[in-house]
Amino acid sequence: MAKVSISEYAYIGRDTAGSTIAAALEPAHKVHSLNLPATGPERTEEFHPDTRYVRVVPDVNIYYAFGPDPLASPLHAILYAGQTEYFSVRPAAKFSAMLKSD
């Protein structure tokens, strides 16, 4: 089954000089494993109230969306299989993904 891993974070990393770096501060608040059906979109539960960043890694090509009640569709952005992306999100948002079949 197609899956998307979504990890929730409150902070981004900093180097020894205090400058931010493009990495999340581990451990994650929560890690979701979203199973994608072949027939339509799926979504996570609400993110943790402290979550400000998420890391998304799909094992298939997907359309994705964020919001209070998102529903991913071909009208949304694409994330490709194996691509890792970080996003800044609002607390209590959700993530939705749908298989990109073409």
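Reply:

**The core and its strands**

The largest nonpolar core holds 16 residues, and those with the most contacts inside it are V4, I6, V56, I62 and F95. Such a core is a set of buried Ala, Val, Leu, Ile, Met, Phe, Trp, Tyr and Cys residues joined through side-chain atoms within 4.5 Å; buried means under 20% relative accessible area, exposed over 50%, and partly exposed in between, with a 1.4 Å probe and protein chains only. At least two residues of this core come from each of strand 1, strand 4, strand 6 (53–58), strand 7 and strand 10 (94–99). Strand 1 gives the largest share, three residues. In soluble globular proteins, nonpolar side chains tend to be buried together.

The model is predicted: local features need pLDDT of at least 70, side-chain atom pairs count only at pLDDT 80 or more, and totals for chains, interfaces and linings use all residues. Residues are numbered from 1 along each chain as its sequence is written, and side-chain values use heavy atoms, with hydrogens and water left out.

I6 touches K30, V31, H32, L34, T44, F47, V54, R55, V56 and F95, leaving aside residues up to four places away in sequence; contact means heavy atoms within 4.5 Å. S7 is found in strand 1 and is buried, with a relative accessible area of 1%. With the same exclusion of residues up to four places away in sequence, S7 touches A28, K30, V31, Y53, V54 and R55.

Strands here are DSSP runs of E with at least two residues, numbered together with helices (H or I, at least four residues) from the N terminus, and two strands pair if DSSP finds at least two bridges between them. Strand 1 (residues 2–9) and strand 4 run antiparallel and are joined by seven bridges. E8 stands opposite K30 in strand 4.

Another open sheet has four strands in the order 5-10-7-8, again with antiparallel pairing. Strand 5 (42–43) and strand 8 (77–79) each have a single partner strand, so one side of each is left without a neighbour in the sheet. Strand 7 (residues 62–67) pairs with strand 8 in the antiparallel sense over three bridges. Y64 has A77 in strand 8 as its bridge partner.
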